[in-house]
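Dear colleague,

I am handing over the structure below, and I would be grateful if you could look through it alongside these notes.

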Amino acid sequence: MTSKRGPRRRDRHGRGLRGPIAPSYVPMARARSERFDDLVLDAVDRLRPKWGRQLSSVEFAVEEVPPLSELGDGPGFGADPIPLGRADTARGQDPASIVLYRRPLEARARDRDTLGALVHDTVVEQVASLLGLSPETVDPGYDERR
């Protein structure tokens with residue numbers, strides 16, 4: 001028996017092709033990585049009124065996970081062998097930079113509010129490391145959240 005059916009179509013009930021689940025202007029439509037980038041930008045913006053001049057030449061970036069060279073293992077490393085971020089001083093033509101690692105931060109947060117606080121604390125810690133200051137100096141509220 002020969003079938004005369006044509007190629008299967010995605011629009012088999014004649015209702016048109018499927019569209020997005022949510023409109024592009026609602027938060028649900030944004031990717032998780034985009035929402036994480038927004039948290040980093042918010043944390044940096046909170047520090048700019050006091051530290052804007054010092055941070056004007058610092059580049060902020062987000063990477064998924066730390067490179068293997070930064071992962072620690074063994075007794076010589078701290079209690080947490082997976083870093084949440086890093087601060088690199090300026091070298092030659094390369095400006096100073098602060099990098100946050102999205103996946104380790106997301107793994108430690110139970111909800112969006114906790115993630116936002118953790119991202120802010122990590123930004124504060126990395127800025128403090130870069131400037132040679134304590135986190136409490138960079139953000140006086142830092143110690144209260146610990």
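What follows is a short account of what was found in it.

This is a predicted model, in which local features need pLDDT of at least 70 and side-chain atom pairs count only at pLDDT 80 or more, while totals for chains, interfaces and linings use all residues. Residues are numbered from 1 along each chain as its sequence is written, and side-chain values use heavy atoms, with hydrogens and water left out.

On confidence, the mean pLDDT (the predictor's confidence in each residue, from 0 to 100) of the protein chain is 84, with 72% of its residues at 70 or more.

Of the chain's 146 residues, 29% are buried, where buried means under 20% relative accessible area, exposed over 50% and partly exposed in between (1.4 Å probe, protein chains only). Of contacts (heavy atoms within 4.5 Å) between residues at least 6 apart in sequence, 56% join residues at least 24 apart.

Although 74 residues separate Asp 113 from Leu 39 in sequence, their C-alpha atoms are 10.0 Å apart in space.

With kind regards
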